[in-house]
Amino acid sequence: MRAWLFVLAVLATFKEIVQVASTDNLEPDKLEQIEKSLISLLGMERRPKIIDRTKIVIPDELQDIFNEMMTGHYAMDSVSLPMPGVHAKSANTIRCFQHEGSKIDNRFLEHHKFRLFFNVTTIPQQEALKAAELTLSRKVISHDKMRNHRLLVYDIIKPGIKGKTDPIFLLLDVKTVKTDSGESIKLDVLPAVERWLKKPKNNNGLLVQITSGKSNKAPLYRHIRLKRSTEDMDDDWEQQQPFLYTYTDDGRNKQRSIREVIATRHKRATTRRQHRRKDGRQICQRKPLYIDFTSVGWNDWIVAPPGYDAYYCEGVCPFPLTDHLNSTNHAVVQGLVNSADKKIVPGPCCIPTQLNPISMLYLDDQNKVVLKNYQDMMVVGCGCR
């Protein structure tokens with residue numbers, strides 16, 4: 001059976017390792033239930049099965065957003081993903097899709113026009129689509145006399161039939177780009193993805209067209225990368241190929257106001273103290289708890305992080321409760337009653353009072369790359385409640 005579940009929680013102190021209680025006597029059904037519960041906690045139906053990890057591309061852009069979430073103020077204060085320039089108020093999940101090639105690709109011989117197809121059926125129905133962007137890379141062309149190119153993206157509503165009917169397109173976005181810049185281009189394709197999710201069979205892909213000059217002629221030079229050329233190396237093209245990013249919210253997270261964020265920071269700054277009673281027992285405080293994804297064999301589908309500091313709360317809540325124990329008025333009253341007669345009511349308990357989200361970059365059932373924020377995963381502060 002999956003013995004890695006035995007070591008899912010690795011408890012560590014600054015100077016010694018705390019022994020984990022043995023779970024050798026757990027029944028197989030219980031172990032399976034534990035695994036299902038953990039997967040459900042992450043909002044998934046089953047543990048992803050990765051066929052060939054080497055064929056999966058992790059875009060640098062997603063890796064950069066993950067790093068920002070882990071090291072910046074976003075990781076400490078909000079479950080929403082940083083989305084500069086994206087037309088969405090909040091989202092906690094980003095999915096990345098690559099163009100799926102077919103025989104239709106052979107119809108587009110020139111570099112200025114191409115049809116891109118993205119299969120978005122892996123987006124769960126219960127998630128609300130907030131935004132969708134097509135990201136295109138490009139290379140600098142300083143010798144191009146026609147410095148400005150016009151970039152158009154269409155939703156292919158209905159493909160045409162040769163010699164019978166013309167295709168039907170819906171213009172989604174237009175951008176004017178300069179050939180002396182190498183910054184990636186983002187196009188808003190939300191209406192198309194919304195239509196595909198409602199009617200997957202009507203997903204005919206996107207048509208991207210590049211024109212140059214006032215006469216809308218095809219540009220002479222390959223500036224925007226729509227499809228792979230013969231001189232492209234494998235490693236280069238993996239990161240330069242077109243990507244479709246969808247931004248969704250699974251509705252499991254509550255948004256926090258600016259006032260709540262400031263209050264949390266203030267509490268965090270005033271409760272980082274450790275105390276010990278005269279009888280040697282530790283007063284309620286945060287203690288180390290490290291969850292190691294690599295040790296339990298989940299690193300085949302969890303790209304990053306290899307693990308995270310979850311922490312936990314432990315210690316006594318002595319009478320009388322002091323301010324640094326972050327207690328509620330109710331806990332103070334409960335402590336007073338308990339001090340008078342312990343039979344009437346138990347004393348306050350040491351529990352997490354402040355929790356922060358963590359970011360995870362992983363592969364789903366269909367081997368699609370997903371960046372998701374999970375709320376209330378890391379203990380920041382403890383208190384008596």
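The model is predicted, so local features need pLDDT of at least 70 and side-chain atom pairs pLDDT 80 or more, while totals for chains, interfaces and linings use all residues. Residues are numbered from 1 along each chain as its sequence is written, and side-chain values use heavy atoms, leaving out hydrogens and water.

Arg 47 sits in the loop between H1 and H2; helices (H or I, at least four residues) and strands (E, at least two) are DSSP runs numbered from the N terminus. Beyond its neighbours within four places in sequence, Arg 47 is in contact (heavy atoms within 4.5 Å) with residues including Glu 35, Trp 298 and Trp 301. Between Arg 47 and Leu 363 there are 9.9 Å in space, C-alpha to C-alpha, and 316 residues in sequence.

Trp 298 and Trp 301 have the most contacts inside the largest nonpolar core, which has 40 residues. Such a core is a set of buried Ala, Val, Leu, Ile, Met, Phe, Trp, Tyr and Cys residues joined through side-chain atoms within 4.5 Å. Among the elements that each supply at least two residues of this core are helix H1 (28–41) and strand S15 (350–363). S16 gives the largest share, six residues. A second, separate core of 32 residues includes Ile 123 and Leu 226.

Note on methods. Buried means under 20% relative accessible area, exposed over 50%, partly exposed in between (1.4 Å probe, protein chains only).
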